[in-house]
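These are my notebook entries on a structure that I had not examined before. I looked up the ligands and the contact between the chains, in that order.

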Amino acid sequence: MSVLVYIDTLNGSIAKNALEAVHYGSKIGTTTVVTNGSIGEAELAGLGNVGASKVLVHRGVTTGDAAQITNIVAAAAEAEGASTIVFSQDLTGRSVAPRLSAKLKAGLASGAVALPAADGSVKVNVFSGKAFGNVAFKSDKKIIALTPNSIQVGETGGSASVEEFSADAGAASVVVKDVQKQEGDILLPEAELVVSAGRGLKGPENWGMVEDLAKALGAATACSRPVADIGWRPHHEHVGQTGVAIRPNLYIAAGISGAIQHLAGVNGSKVIVVINTDPEAPFFKAADYGIVGDAFEVLPKLKEEIEKFKSQN
Amino acid sequence: MKFLVCISKAPDTTSKIDFTEGNSKFNEAGVQYIVNPYDEWYALVRALELKEAAGGTVTTITVGTPADDSIIRKALAIGADNAVRVNAEANDAYFTAFQIAEYAKANGFDIVFTGKETINYNGSQVGGMIAEMLGQPFVSLASKLDLNGSVATVNREMTGGVEIVEVNTPFVVSSAKGMAEQRIPNMRGIMAARTKPLEVIEPAACDDLVSFQSYSLPEAKSACKYVEPDNMAELVSLLHNEAKVI
Ligand SMILES: Cc1cc2nc3c(=O)[nH]c(=O)nc-3n(C[C@H](O)[C@H](O)[C@H](O)COP(=O)(O)OP(=O)(O)OC[C@H]3O[C@@H](n4cnc5c(N)ncnc54)[C@H](O)[C@@H]3O)c2cc1C
Ligand SMILES: Nc1ncnc2c1ncn2[C@@H]1O[C@H](COP(=O)(O)O)[C@@H](O)[C@H]1O
């Protein structure tokens, strides 16, 4: 079976969630990757190592215009005879996959967390991570958008052939005027380790402890919704039902009560550590490891121990 | 300017999630439905603000059954001028988008607003599908939208930051946090909503592309292991040796 995977390489590199999508595709069938922008050929050839056979790169579209990318992916699917098309459920995937679904009349399973079952159905996140649904396709062509951090990437040692691809992308309808890059190197949606804090930290001036621990671990930082609402932290750090949903390997929550709407965005995390002064805080019910204590004392101590650990390992 | 806002229902965020009929159906017993937060807080309120600044009308559209009329009245109470309900169960995003696109084609709107996603199905699908069906630009995950004549300047979330883009009407936009501030309907709005027009139309023929076959719940967590606050060395050791996450 021929599978096509679209990956977003617009910022010049191949993110971890893109590797996951390619590897996922290769578990379903012979995988061609399609991307756009100016990323180098050598880097693209490296996608063979996670399972790609071929990479098609369109140099003409250098922005995230959903209509243009949809046209490119549709042309590539046609050229490759692909009946399954895979995206990462990242910000580009969220805008292109539905357009493509309408264009090709191909059913879309978004938020996939596992490979298709024997009957072809796909397990996806629903109810903000509080449950899973099994999506069955009624269409011949299928589109799957994979939740970041939901599969393990394996290396095959292979190398992919890279071809320039020049399908008609149509005119850009959305003109990019400016880009404001997010600070910090580790992006929250794809981070493996996350340190998060809530209203228990009392004020934005106390976030140094959170950032120091995150730095020691190599983790991204996050926060609860009220913290973003009052402007202590930027909006893009807000996790939960109405913020970003994440599934890191480790989620450390300090001074967060664990309201159901907060849990909705983080309960896909593999391991949860909760630091809270209140032993009755609901978050402890969802935690793997709990520390009943003051974040102002615990966070710096934890940072110290992490640094010690890192210097020995 | 004519604005169309897509309004869907969602279970109240504190609802207990479980399933019936052999795990094939969401258990609605005791569930309170609300307007999907992204649709209410951001899409609807920003459309109302644009109308208040430049004139025009705000119409809401919902694909749903008569049970959805109460959440539609809430949108009218917040300030929408009129509402349309396409009388059908919304089981499939493609079917839903198709109904909305048919209505938009027939009535012509400058901007179609959706929410970022529904908090029950989390598909982020309907907005992009409507755009494709209308042959219009789609700006996903907007956190700010200003309109100057027929040119909109929109902040859109992208991987690793925010893109500031320009797009001409007509277009479709999905609305995320930052677009507007939640509005609480007042008594006058609630009274007025009772007499505002709610038109019910029948769906156009359209096949579903997918169906939810069954549901499952995540495995229950094993009990929390407690570590003393002055023994962070033990926590680090557990994270390394037991949990194997560092
Ligand atoms: C429709 C809807 C959607 C929502 N969506 C979200 C969402 O997406 N994400 C989200 O986070 N919330 C969301 N909320 C809000 C949610 O209900 C909670 O109000 C919020 O998560 C609470 O944030 P918090 O835990 O930081 O603050 P609080 O509830 O005030 O908790 C602070 C915690 O800090 C502890 N604490 C205090 N001092 C210390 C100290 N020195 N050391 C350690 N611990 C300390 C306290 O014991 C307490 O448990 C939503 C609400 C609604 C109604
Ligand atoms: N049944 C529906 N009726 C009207 N609008 C809907 C419906 N379902 C979804 N939408 C709109 O589409 C957005 C995205 O929904 P979804 O694709 O389900 O995540 C929602 O925020 C709504 O604005």
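Entry 1, ligand 1. I began with the side chain of Asn276(A), where an N or O atom is 2.7 Å from an oxygen atom of ligand 1. I note at the outset that the model is a predicted one. I then looked up His238(A), whose side chain has an N or O atom 3.0 Å from an oxygen atom of ligand 1. In Gln241(A) I found that a backbone N or O atom lies 2.9 Å from an oxygen atom of the ligand. I recorded 29 residues around ligand 1, and those that come nearest are Ser224(A), Ser257(A), Gln261(A), His262(A) and Asn276(A). As to its place, I noted that ligand 1 lies between chains A and B.

I recorded 19 residues around ligand 2, of which Cys6(B), Asp39(B), Thr118(B), Ser124(B) and Gln125(B) come nearest. For Asp39(B) I found a polar side-chain atom 2.5 Å from an oxygen atom of ligand 2. Asn36(B) also has a polar side-chain atom by an oxygen atom of the ligand, at 3.3 Å. At Gly115(B) I noted a polar backbone atom, 2.9 Å from an oxygen atom of ligand 2.

I asked how many residues each chain gives to the contact. Chain A gives 85 residues and chain B gives 76 residues. Arg99(A), Phe127(A) and Tyr289(A) supply 12% of the area that chain A buries against chain B, more than any other three residues.

I found five salt bridges across the interface of chains A and B. I looked up one between Arg99(A) and Glu132(B), whose side chains meet at 2.7 Å, N to O. On the side of chain A that touches chain B, helix H4 (residues 91-104) of chain A gives the largest share, nine residues. I divided the residues of that side by type and wrote down 37 nonpolar, 29 polar and 19 charged.

I asked which strand of chain B is joined to strand S10 (residues 174-181) of chain A. The partner is strand S11 (residues 161-168) of chain B; the two run antiparallel and seven bridges join them. As one position in this pairing, I noted Val174(A), which stands opposite Val167(B) in S11(B).

Terms used
Residues numbered from 1 in each chain as written. Chains lettered and ligands numbered in written order. Predicted model: local features only at pLDDT ≥ 70, side-chain atom pairs only at ≥ 80, totals over all residues. Heavy atoms only, no water. Contact = heavy atoms within 4.5 Å. Buried area = accessible area lost by both parts, 1.4 Å probe. Salt bridge = Lys/Arg side-chain N within 4 Å of Asp/Glu carboxyl O. Helix = DSSP H or I, 4+ residues; strand = E, 2+ residues; numbered from the N terminus. Nonpolar A, V, L, I, M, F, W, Y, C, P; charged D, E, K, R; others polar. Pairing = 2+ DSSP bridges. Near = heavy atom within 4 Å. Polar contact = N/O pair within 3.5 Å; in protein donor to acceptor, adjacent residues only side chain to side chain.
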